[in-house]
Amino acid sequence: KFEAQFIRDSLNRGPGRGTFIDFYQQMDVLIIDDIQGLIGKQKTQQAFFDIFNHLYMLGKQIIVTCDVPPIDLKGMETRI
């Protein structure tokens, strides 16, 4: 869902553009299941990183799950 929303927002050229980031930056708790789905998707990873940092700096709760060990996340930015 995160990826689909990001793509829809990226393709939007109208006045609603940017609502994706705004929406996620207002969360009190962010839960991302199967983070490995972002492998190889650099723009989506950048959006996730920006949202993560924003929420982290506000002291919000962030939960990320993955089906593989972090060492096997080839194609995922190291900072994530």
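**View 1. Thr44 sits in helix α3.** Helices here are DSSP runs of H or I with at least four residues, strands are DSSP runs of E with at least two, and both are numbered from the N terminus. This is a predicted model: local features need pLDDT of at least 70, side-chain atom pairs count only at pLDDT 80 or more, and totals for chains, interfaces and linings use all residues. Residues are numbered from 1 along each chain as its sequence is written, and side-chain values use heavy atoms, with hydrogens and water left out. Is Thr44 buried or exposed? Thr44 is buried, at 3% relative accessibility. Buried means under 20% relative accessible area, exposed means over 50%, and partly exposed lies in between (1.4 Å probe, protein chains only). Which residues does Thr44 touch, leaving out those up to four places away in sequence? The partners are Phe2, Glu3, Phe6 and Leu38. Contact means heavy atoms within 4.5 Å.

**View 2. Phe23 and Tyr24 form an edge-to-face pair.** A search of the whole structure gives eight aromatic pairs. Rings of Phe, Tyr and Trp (its six-membered ring) pair if their centres lie within 6.5 Å; planes under 30 degrees apart count as stacked, over 60 as edge-to-face and the rest as tilted. Tyr24 is buried, at 9%.

**View 3. Phe52 and Tyr56 form a stacked pair.** Their ring centres are 6.2 Å apart, and 5° separates the planes. Both residues belong to helix α3, which covers residues 42–57. They are four residues apart there, so about one helical turn separates them. Phe52 is partly exposed, with a relative accessible area of 28%. Tyr56 is exposed, at 54%.

**View 4. Aromatic residues gather in one cluster.** Which residues form this aromatic cluster? They are Phe2, Phe6, Phe20, Phe23, Tyr24, Phe48, Phe52 and Tyr56.

**View 5. Lys60 and Asp28 meet in a salt bridge.** A salt bridge is a side-chain nitrogen of Lys or Arg within 4 Å of a carboxyl oxygen of Asp or Glu. By this rule the structure has two salt bridges. Between Lys60 and Asp28, the N to O distance is 2.9 Å. Lys60 lies in the loop between α3 and β2 (61–64), and Asp28 in the loop between α2 (19–25) and β1 (29–32), so the bridge ties together parts that are 32 residues apart in sequence. Lys60 is partly exposed, at 30% relative accessibility. Asp28 is exposed, at 51%.

**View 6. Arg79 meets Glu77 and lies over Phe49.** The side chains of Arg79 and Glu77 form a salt bridge, at 2.8 Å from N to O. Arg79 also lies over the face of Phe49, 3.8 Å from the ring centre. A charge sits over a ring if NZ of Lys or CZ of Arg is within 6 Å of the ring centre and within 35 degrees of the ring normal. Arg79 is partly exposed, at 43% relative accessibility. Glu77 is partly exposed too, at 24%.

**View 7. Leu11 lies in helix α1.** This helix covers residues 2–11. Leu11 is exposed, with a relative accessible area of 63%. How far apart are the C-alpha atoms of Leu11 and Asp72? The separation is 31 Å, for two residues 61 residues apart along the chain.
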